[in-house]
Amino acid sequence: SPAWLGWLMWGLVAMLYLLGFFQRMAPAVMVDELMRDFDISGALMGNLSATYFYSYAAMQIPSGLLVDKIGPRRLSSIACLISGFGVLTFAWGPNIWFAYSGRFLIGASVAVAFVTCMKLAGHWFPANKFATVTGVALLLGNIGGVLAGVPLSEAVAGVGWRTAMAASGIIALVTAAVMWLVVRDDPSAYGYASHAH
């Protein structure tokens, strides 16, 4: 398959990895707003941030099993959809329990991002490109973390944390739809030879 097509397939799935890093870091720039809006203490704020990691950690083994069972296209599309709904639940939730639920859904869904990227890379790229693809994945993750810094802080100051978060949730939903329509698990779906063993 042409190199550009492989990067397109992989890049769309890697967007979930970028969004996952963004959501991981996002609460750090909204601490005051979250504590005020939900009327919570610093301890509860810490728990709210950590809810992402609880579900993220719990999904590590199931992520591998799921990607082998249903394929990276289906898993990443569904995960991105759930992530978008989780972000919107977090952004529009009227109380702390909605915020917890939203963060839990975000963590559980984006936990599949890296393993789906690697699974897809094994089909769309030759073995000698695997290290490059892995490095680009980590770069995209770090870009997501950077976007959750000053850019998000400016957005929060400009439009409020709920609107900023809701916008990122809508981006996740759009990404999920594009993934479902464009991404295929193997180049054979587009008439090309696969790189999978």
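Analyst: Let's begin with the contacts of Ser63: apart from its neighbours within four places in sequence, Ser63 is in contact with Leu75, Ala111, Val112 and Val115, where contact means heavy atoms within 4.5 Å. This is a predicted model, in which local features need pLDDT of at least 70 and side-chain atom pairs count only at pLDDT 80 or more, while totals for chains, interfaces and linings use all residues. Residues are numbered from 1 along each chain as its sequence is written, and side-chain values use heavy atoms, with hydrogens and water left out.

Ser63 sits in helix α4 (residues 60–70); helices here are DSSP runs of H or I with at least four residues, numbered from the N terminus. With 2% relative accessibility, Ser63 is buried, a word for under 20% relative accessible area (1.4 Å probe, protein chains only). A polar atom of the Ser63 side chain lies 2.6 Å from the backbone oxygen of Met59.

Now for the helix as a whole. α4 packs against helix α5 (residues 72–92) at an angle of about 125°, with the axes 7 Å apart; axes are lines fitted to C-alpha atoms over the stretch in contact, and angles run from 0 to 180 degrees between N-to-C directions. That makes α4 oblique to α5, because angles under 35 degrees count as roughly parallel, over 145 as roughly antiparallel, 65 to 115 as roughly perpendicular and the rest as oblique. On the α4 side, Ser63, Leu66, Val67 and Ile70 meet Pro72, Arg74 and Leu75 of α5.

Conventions. Helices (H or I, at least four residues) and strands (E, at least two) are DSSP runs, numbered from the N terminus. Buried means under 20% relative accessible area, exposed over 50%, partly exposed in between (1.4 Å probe, protein chains only). A polar contact is a pair of N or O atoms within 3.5 Å; within protein, one must be able to donate a hydrogen and the other to accept it, and residues adjacent in sequence count only if both atoms are side-chain atoms.
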